[in-house]
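Good morning, colleagues. Please take a moment to look at the sequence and the structure on the screen before I take you through several of its features.

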Amino acid sequence: MMDVADLRREYCRGGLHRADLPSDPLALFEKWLAQACEAKLTDPTAMVVATVDADGQPWQRTVLLKHYDAQGMVFYTNMGSRKAQQLEGNPRISLLFPWHTLDRQVHVTGRVEKMSTFEVMKYFHSRPKDSQIAAWVSKQSTRISARGVLEAKFLELKQKFANGEVPLPSFWGGFRVVIETVEFWQGGEHRLHDRFYYTRDGDGWHIERLAP
């Protein structure tokens, strides 16, 4: 096996200071996201979504953030998928933005609420048409015999919807993550990282520094 014990590097892109933190974590999140885009990171809106099944087994996968505001962070999915079914049973969720190139991570926890049909439809029809068709093709997380099954179904539906609008699938929707905590992690020299933890406190936020 490959020896990974000595694979390491120093984090030396600068620190994160309490005096520089805004009172609202979304303001810092927006600044960091903009910097991730400026740095041309691959998929800067990619976030690792963690859920827990009925047996207490955690599951993780990467999805794309599609909107954020004071109400929360939004992503879309097949509502028959493993993550959607797990969130139906347990609405608690964890998100992680791994911006390694900038020596940064943002960790969010909270609970989900379903997006309205109007919101889902508005986003669905903003997607490229092939992406809309692909939503119809895949029964996400179910077992399939071969990739050819998906490709054949995609071509069939592409022809079917060639001259018209792709309807919104009844099984496709979205979740809004109502944010309860946000942690900002900035890598530091000698593994003395900077970590600041925002916890919702009424209409505001309580901020603490955490040991690395």
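M2, V4 and L7 make a nonpolar surface patch of about 350 Å². Please bear in mind that this is a predicted model. Is M2 buried or exposed? M2 counts as exposed because its relative accessible area is 66%, and the cut-off for that class is over 50%.

I turn now to helix α3, residues 117–124. Its buried residues are V120, Y123 and F124. Viewed down the axis of α3, these residues fall within an arc of 100°, and therefore they line one face of the helix. In general, an α-helix has 3.6 residues a turn, so residues three or four places apart point the same way. The face of α3 turned away from the buried side carries F118 and K122, both exposed. Against what do the buried residues of α3 pack? They pack against β4 (72–78), α4 and β7.

Helix α4 spans residues 129–137, and Q132, I133, A135 and V137 are its buried residues. Among the elements covering them are α3, α5 (147–160) and β7 (172–186).

Strand β8 covers residues 194–201 and strand β9 residues 204–210; the two pair in the antiparallel sense, over seven bridges.

Definitions and conventions:
Residues numbered from 1 in each chain as written. Predicted model: local features only at pLDDT ≥ 70, side-chain atom pairs only at ≥ 80, totals over all residues. Heavy atoms only, no water. Pairing = 2+ DSSP bridges. Helix = DSSP H or I, 4+ residues; strand = E, 2+ residues; numbered from the N terminus. Buried < 20%, exposed > 50% of the residue type's maximum accessible area, 1.4 Å probe, protein only. Contact = heavy atoms within 4.5 Å. Patch = residues over 30% accessible without salt bridge, like charges linked within 9 Å, V, L, I, M, F, W, Y side chains within 5 Å. Areas by Shrake-Rupley, 256 points an atom, 1.4 Å probe, with all protein chains shown as cover. Salt bridge = Lys/Arg side-chain N within 4 Å of Asp/Glu carboxyl O. Arc of directions from axis to C-beta.
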